[in-house]
Amino acid sequence: MNSAIIRHAIWPLLIALALAFVLVGSGLDLAYVIPRRLLRLAAMVLGGVCVAWSSIAFQSITGNRILTPAIMGYEALYLLLQALLILTLGSASLALLGHHGNVLLSMLCMLGYSWALHRWLLGNGKNNLYFLLLFGLVLTLVLTTFTQFIQLRISPGEFSVLQGFAYTSFNRADGQQLLYSGALVLGVGVVGFKTLPSLDVLALGRDQALSLGVDYPRYVRLYLALIAILVAVSTSLLGPTAFMGIFVANITYALARSSRHRLTLPLGCAIAISLFIVAQFLVEQVFNYKTTVGILVNLVCGAYFLALMIRSRGDA
Amino acid sequence: MITLKHIHKAYAGKTVLHNVSVQFPTRQLTSLIGPNGAGKSTLLMLIARLLKPCSGEILINGRNAAHYRVSEYARQVATLRQHPQFSLRLTLEELVAFGRFPHSRGALNEEDRQQIDTAIGFLGLDHLRGAYIDELSGGQRQMAFLAMTIAQQTDYLLLDEPLNNLDMKHAVQIMRALRRLCDEQGRTVILVVHDINFAANYSDHILALQGGAVRFCGPVAEVVTRSRLQALYGLDFEILRSERGFVCNYFNPSDQEREHEQG
């Protein structure tokens, strides 16, 4: 398949999917059904942009195609934070902090986590993939175990609140949250787009980037901060997306047949949004809410990714 | 002119370079030689500013290297390290275009395009322009990275073992290209090289390091001598000079040396 055709065909396809999602079976009910669906669509667009952008940028910085923020423990940290909030403050924490306070707190937590990652792991440019992978997996495991430990200590009612955080869903965001999430993503997008050529150079590795006049530590810090904001927005908007980032990034590389971020980032966003729409459409219209978006996304992505690997024999 | 003054470098308390003071002549090709662990690469990385010296200073055109901004430095000094695994999907032309980043910050203008063409043409890589880097052979890939470094249009070029893992033909191609960069374009080239024959035949200048200190340094004709190389590498050398250059033979010890070892 020609990558240029895919790059251009994906946008009309995306619009068609979005229209189908909003209109099919709506009875053109402009008072309730369509506005509700538009809200979900907005959540999917924002979430898709966040997942694709954060995963691809993270992989470029760490110089590999396996690690994503989700694997490096960002989402596990988010869940631990939620569990801790409920343990210490009870479900009253929801009322106390408010939904927006919670989002803000998550964002600060993830920025702190990014800073720590940069300080101890990614700052020196000697990124050993296996070490990072091991570290990420162990950390995720530890954080998840902590979360489970806390879950055992809270009441069943609070437990169900906590469980609500652990699934991907497009229904939890209200208009206001979408609005400021959108503003944040837009802000990240502006900074990100301005420094896009530098991201291409960062992907060449620390030594080459420095030799080409890119202040490596500074830009890695900047990008990790941008990634932290994106992950915080997406997890507070949709919940954890687990392995979706890897799928989206690798499918993007295979289809774009280029590592230039000018091509991969927009394509990745389109792929992620399309996946969300298809999954949500199936959940609503076909499975009648008997399955979840997370399960479908992993199923579809996993199957497609495997097919891609087998067909292109490793050069995916 | 690159001048090093009293450079000291240690990793975790272990001294790698001790009180190194040298000058690299401009518009000449200097080879850094010496046994493994002598500190050659470290010295090169210090000049490239990929490492920081523990003490001492490096002067580039009379100005302390540490005082340059990263972007400014990249217009003075280009560095090529080894790229063992390269998983990015880029064409050769896209890679060479990165060499213009210090000048254009990613937005290529007409002059940038011209420099990219020149660099690709200089190494005779025109037929590989659209080829993907990860599909090239090791030698071709090294040439592609060299083209990127050339397109950077800096006065100084630093190369860390550019001949590693290359066959003789590619190694000769690279060394000849570097020679031409000095002779035709007046650039200053400093490289780490392990093969003494390549160093002897293509360099103007040789700097030999041993155990983190300068053992000897000077023009090739002066320093490539039997006694100096024997002391540097601990091998029995025989140096043959012909019209086409030097051959430093160190493969088998001479009869005399063999008797000495046995006795």
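## Residues with positive phi

A:Tyr289 is partly exposed, with a relative accessible area of 48% (buried means under 20%, exposed over 50% and partly exposed in between, with a 1.4 Å probe and protein chains only). The model is predicted: local features need pLDDT of at least 70, side-chain atom pairs count only at pLDDT 80 or more, and totals for chains, interfaces and linings use all residues. Side-chain values use heavy atoms, with hydrogens and water left out; residues are numbered from 1 along each chain as its sequence is written, and chains are lettered from A and ligands numbered from 1 in the order in which they are written.

The loop that holds A:Tyr289 runs between helix H12 (261–286) and helix H13 (293–312) of chain A. Helices (H or I, at least four residues) and strands (E, at least two) are DSSP runs, numbered from the N terminus. Phi of A:Tyr289 is near 65 degrees, a positive value in a residue other than glycine. Most residues other than glycine have a negative phi. In chain B, Arg49 also has a positive phi, of about 65 degrees, and is not a glycine. B:Arg49 sits in the loop between helix H1 (40–47) and strand S4 (55–60) of chain B, and with a relative accessible area of 22% it is partly exposed.

## Helix packing in chain A

Helix H2 (residues 33–62) and helix H11 (residues 244–256) of chain A have axes that come within 9 Å and cross at roughly 75 degrees. Axes are lines fitted to C-alpha atoms, for helices over the stretch in contact, and angles run from 0 to 180 degrees between N-to-C directions. H2(A) and H11(A) are therefore roughly perpendicular to each other (65 to 115 degrees; under 35 counts as roughly parallel, over 145 as roughly antiparallel and the rest as oblique).

On the H2(A) side, the contact (heavy atoms within 4.5 Å) is made by A:Val51, A:Ala52, A:Ser55, A:Ile56 and A:Gln59. H11(A) contributes residues including A:Met244, A:Gly245, A:Val248 and A:Tyr253. By class, this contact of H2(A) with H11(A) holds 7 nonpolar, 5 polar and no charged residues. Ala, Val, Leu, Ile, Met, Phe, Trp, Tyr, Cys and Pro count as nonpolar, Asp, Glu, Lys and Arg as charged, and the others, Gly among them, as polar.

## Helix packing in chain B

In chain B, helix H5 (residues 110–122) packs against helix H6 (residues 138–151) at an angle of about 140 degrees, with the axes 9 Å apart. H5(B) and H6(B) are therefore oblique to each other. B:Gln115, B:Ala119 and B:Phe122 of H5(B) meet B:Ala147, B:Ile150 and B:Ala151 of H6(B). The contact of H5(B) with H6(B) has 5 nonpolar, 1 polar and no charged residues.

## Nonpolar core

The largest nonpolar core has 191 residues; such a core is a set of buried Ala, Val, Leu, Ile, Met, Phe, Trp, Tyr and Cys residues joined through side-chain atoms within 4.5 Å. A:Tyr74, A:Leu202, B:Phe24, B:Leu95, B:Leu178 and B:Val224 touch the most other members. Helix H10 (residues 216–238) of chain A gives the most to this core, with 15 residues.

Leaving aside neighbours within four places in sequence, B:Leu95 is in contact with A:Leu204, B:Phe86, B:Leu90, B:Ile133, B:Ala144, B:Phe145 and B:Met148.

## Buried polar and charged residues

B:Arg179 lies in helix H7 (residues 168–185) of chain B and counts as buried at 17% relative accessibility. Not counting residues up to four places away in sequence, B:Arg179 touches B:Leu29, B:Tyr202, B:Ser203 and B:Asp204.

B:Ser71, in helix H2 (residues 70–73) of chain B, is buried, with a relative accessible area of 15%. Beyond its neighbours within four places in sequence, B:Ser71 is in contact with A:Gly213 and B:Arg105.
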